[in-house]
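Take a look at the model below.

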Amino acid sequence: MTTTSQKVELTYWKNQEKPKEGEKYTDSLFPPNGNSLGSSIDSSKVEFLRASEIFDGTRYVLISDKMDMKDIVPGQLEDVYFLSSVQNLCKVPANINRLFKSKIMNPDGYYELILNIDGQPQIVIVDDYLPVDKSTKKLIYAQSKKNEIWISLLEKAWAKVNGSYSNIIGGYPSEALEFLTGFSSLSYDTENKDTADLNEYKIEIVKQLQLADKKTSIISCTTSSKLDVSGVGLVKGYTYNLLNFFHIEKSDGNKEYLFQLRNPWSQGEWNGDWSDKSNLWDDKAKQQVSFSDEVDGIFYMNDIDFFKYFTHVEICYVLYDATAVNYPLEGEEKNKNGIVFNIVTEKDGFISISVLRQSWRTNKDIKDKMLPTHISLVKYDPNATNRLKTFSDYYGNFESYKTCALTANIEKGNYLIYVYR
């Protein structure tokens, strides 16, 4: 790719200043009291203790050498969308390590994390005061099975930029992943799709799942908020991790699309066709997916059942190792009239385009929460009769939780990217 990129300088969120060394740090912007808990949490049952007080002489660390998604334990907050996103990032430990500018324990309780806020990576400061049950003195929100505090601090940073712990109750993985990775997600909602377009919509979802690299892509699926799913082992309106996608062939020659999913908390599994105890499994099918019937929250579903019970799919392409180019989109008039970018690729490849904008989560007074954005990827061939050919289109969104992304496998050549509202 031949183009230029702008180096992004890290700044401190809200221009917060570092404290003096050697002083026990208490965050004045997110103090250890009821204001940080928020209005929907009963502060009379909660208090804040420093990590050293919580572990009370027991050795603990910031991040252990061997990170595992199964180590994350949810708390009393209903923020599964956020924690399941963090779990998915744990597939590549470097994804988590890059979120922590502070790499070692700090006896002063001062830590710096890096979140992507309004399209820019910014340093978010937190202290090590964590919410505990006032009677038991035990952590009540996200924590690790190991004696490590990184997930509690990361959840606290997420709460801080949202204004309170109350404000992170409920959400979609795409919202969290934009802050955690700096990449937008492709969002698909079958529940509100017209019946006439539904089959083509499902085909497009399957196409994107086949395109996604399961090692680096973060794929989340949410069950219907309208169907009663309790009888089939699922949870209503709940976010699951999609681990893999297979097109298998059974011993009788029949083929099936199978989705491999995981309940983030390893408790409760699908009990229908292709579940762990299903008689549809034969030896050939098991070999193709490395089948295991352990009680680990991992299960399989065919495409018919998947699209019946899961109505929301989000795919985030985490491409840290790819060639990345960042452009600032500044000025209201420029956004209205559109901006055009030119890229030249010298070989065939995969492209992911994200438009990162002000989030309603960190800008509570934002006027237009539902900001539609249009991206067009157009191939330019000066020797062709029709020199401009639309390669791929993304026609905006009108929902505040959705992010804006376009992906495609492209041929080498010259391309124009149109971004406008």
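## A sheet and its helices

Six strands build an open sheet, paired antiparallel in the order β8-β13-β9-β10-β11-β12. Its edge strands are β8 (185-189) and β12 (298-302), and each of them pairs on one side only. On average, neighbouring strands in this sheet are turned by 30° against each other, direction ignored. Keep in mind that this is a predicted model.

Now zoom in on one pair. Strand β9 (residues 218-223) and strand β10 (residues 239-249) run antiparallel, and three bridges join them. Cys 221 has its bridge partner in β10: Tyr 240.

Next come the helices. Helix α3 (residues 80-89) packs on the sheet, where it touches β9, β10 and β11 (255-262). Helix α6 lies across β8, β9, β10 and β13 (310-316). The table gives the angle of each helix to one strand.

| Helix | Strands touched or crossed | Angle |
|---|---|---|
| α3 | β9, β10, β11 | about 50° to β10 |

Is helix α6 (residues 173-181) enclosed or open to the outside? Buried here means under 20% relative accessible area. Nine of the nine residues of α6 are buried, so the helix is largely enclosed by the rest of the structure. The buried residues are Pro 173, Ser 174, Glu 175, Ala 176, Leu 177, Glu 178, Phe 179, Leu 180 and Thr 181. After α6 comes Gly 182, with a positive phi near 85°.

Definitions and conventions: Residues are numbered from 1 along each chain as its sequence is written. This is a predicted model: local features need pLDDT of at least 70, side-chain atom pairs count only at pLDDT 80 or more; totals for chains, interfaces and linings use all residues. Side-chain values use heavy atoms; hydrogens and water are left out. Buried means under 20% relative accessible area, exposed over 50%, partly exposed in between (1.4 Å probe, protein chains only). Helices (H or I, at least four residues) and strands (E, at least two) are DSSP runs, numbered from the N terminus. Two strands pair if DSSP finds at least two bridges between them. Axes are lines fitted to C-alpha atoms, for helices over the stretch in contact, and angles run from 0 to 180 degrees between N-to-C directions. Contact means heavy atoms within 4.5 Å.
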